[in-house]
Each structure stands twice: as structure tokens, then as C-alpha cells.
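Here's a quick briefing to get you started. Have a look at the sequence and the fold first, then read on.

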Amino acid sequence: MASEDTHRLGYQRVDDDPNAAVLLATMEGTAGWDATRRLRAWERDQLGLTLGERLLDVGCGLGEAALALAEDIGARGELVGIDASEQMLRVARTNARSARCRVRFTAGDACALDEPDDSFDVARSERTLQWLADPSGAVAEMVRVVRPQGRISLIDTDWSTFSIDVGDDALTALIRDTMRTERGPPSTVGRRLHHLVATAGCGSLARACATQTWTAWDPDESPAPVGCFSMESLIDDLVTLHGLTSADGQRFMSTIRGAALQGRFTMRLTMFAVVAAVP
Ligand SMILES: C[S@@+](CC[C@H](N)C(=O)[O-])C[C@H]1O[C@@H](n2cnc3c(N)ncnc32)[C@H](O)[C@@H]1O
């Protein structure tokens, strides 16, 4: 099986990943999720960016979410996007060609921002905290670089909400248990966003959540439902975590494939958002 077929979608070191092209394409897929679109529209309303403001996007990826927000800051405003991946930044710089404001997409570490104190009006970070060893350190950095009374916006996933319904209750329960186990990166950080901003000394202004629902997946067309990790990698995790045999894994995979081919596939994932004021 080709490596693209087993991708797990780790975003800690995109440029070292043999499947970097899949990681970038997946970002385009997740940008099209209905839940992503709803939360980004909500964020734009809540932030109410004004002409001339300076906006920072931490873990900006392909940059398209920040570029859409930057429409509100006009030609005198400035957008800075930082990301650990040069490959992401290259696409972001291309996407920025038609921006009206000044734009700088630059390499950096979310946990040690190379930006002066109090130098932005707003800092945002979307689906990046879940890949960091120290999400609260990254939020503290965002607070440091935003001026007093500026705003912080966070959007992130809670992978413990992930569920699949393919008409097999035992399999659904096993997958739910697997996703509840937090391994390595803080995969449930979405549900803690309001605690993170409170711990950093901010007042929470507004909170929201949105659930992405997939009702279709063509396993003959793609190893993964749009914007998701491959179903093979999910089954590998089930087998490893629960000490199952590979025959069990193959049986589960054929249950999921069969249900998807017969139009009986439903998958859900919830993302959370918070907008907060810097003291
Ligand atoms: C899942 S993507 C989200 C990208 C974008 N925010 C979006 O929502 O479309 C996570 C991003 O975080 C970046 N990233 C991971 N670790 C980072 C770090 N320590 N500092 C800065 N960026 C990081 C990755 O390179 C990737 O672009």
C-alpha cells in the first residue's frame, strides 16, 4: 500500500513528512468543511476587525483564513502569518498576491514568537494548538504580543468527539474509546480553549462550536473522507490500542468500506472556538 494511503495527518513537522503534499491538500479539504466555514464566519463577526489593525495568525497554514479576515483591515492594516512549515508558507505567500493590506508570511515557532510585546491588535490560531507540546505556552505568547485590550481568537478540534456510525454498535464504541484516549499531542484541546485563555489572564468574550458531519465517503476514490485521516490509519490505531488481531482490523475495515459503498456511512467531529480580550 502506498504511503499516501496510510497517512495519519501529523502536522508537527510537515516539511519532514513524506506525505507533505497530502497534508497540504488536506488543509484545502478542511477549509471547505461546513463547520470550518461557520466558525470562521462567526470569528469574523466576533473580532470586528477595523481598518489599519495588525493581525497575527499563529500556525497560519495556507493562509487563506487570515487573508479573508485581513479584508477588514484595509490597505493600512498588516497581516503577519507564522508557521513552522516552509511548504505551507510558500502556498500562503502565493495566496497573498491579491491581498490589499501588507502581508508577511514567515517561519516561526508558536511557542516562541519572534515578535515584539504589544505589537498586534489581534492574534488568532486555528487547529494548531492540538499539534503543540505546550498549548498554554503558545497562548501566553499570543497574549504577550497583543496590546492591552486587544483580542485573541482560538479555533480547535476536540478529537474525543469523533464518531463513526456504520451500523455496527460495537465498532462505533471501540472507535469512540480509541479517540477518547489522548495520545501525544493534545488532541482534545478544543474543549479547553476557554480555560486556556482564562489561565492566560484573558476575559472570554464569546464561545461557539460546530460539528462537521460526513454522510458520504467513496473508498474507491480516496483513502479518507474529505479533510480527514485515512480509515486504514484509524483501524491501525484500533488494533494497536486495543491489542486486536490484524484479522479483526481487516474485518472492521471491510465493515466501514461496505457501509460507505452502500451509502450508510456517517462520521462526526466537533470543533470549538473562543474569542477573548487581553487585559
Ligand atoms: C492543521 S494545520 C492548521 C493550519 C491553519 N491554521 C488552518 O486552520 O487551516 C496546523 C498548522 O500548524 C503548523 N505548526 C505545527 N507546529 C507548529 C509550531 N510549533 N509553530 C508554528 N506552526 C506550527 C503546521 O505547520 C500547520 O500548518
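How many of the 5 residues of strand β1 (residues 54-58) are buried? The answer is 4, so β1 is mostly covered; buried means under 20% relative accessible area, with exposed over 50% and partly exposed in between (1.4 Å probe, protein chains only). Bear in mind that this is a predicted model, where local features need pLDDT of at least 70, side-chain atom pairs count only at pLDDT 80 or more, and totals for chains, interfaces and linings use all residues. Residues are numbered from 1 along each chain as its sequence is written, and side-chain values use heavy atoms, leaving out hydrogens and water.

**Around β1**
- Strands here are DSSP runs (E, at least two residues) and helices are too (H or I, at least four), numbered from the N terminus.
- β1 runs parallel to strand β2 (residues 78-83), joined by 5 bridges; two strands pair if DSSP finds at least two bridges between them.
- Between β1 and β2 the chain passes through helix α3 (residues 64-69), making a right-handed β-α-β crossover (clockwise from the first strand over the helix to the second, with the strands pointing away from the viewer).
- β1 also pairs with strand β4 (residues 120-126), again in the parallel sense, over 3 bridges.
- Val58 has Ile82 in β2 as its bridge partner, while Asp57 has Arg124 in β4.

**Confidence**
- The protein chain averages a pLDDT of 93, and 96% of the residues score at least 70; pLDDT is the predictor's confidence in each residue, from 0 to 100.
- Over residues 1-5 the pLDDT is below 50.

Note on methods
Contact means heavy atoms within 4.5 Å.
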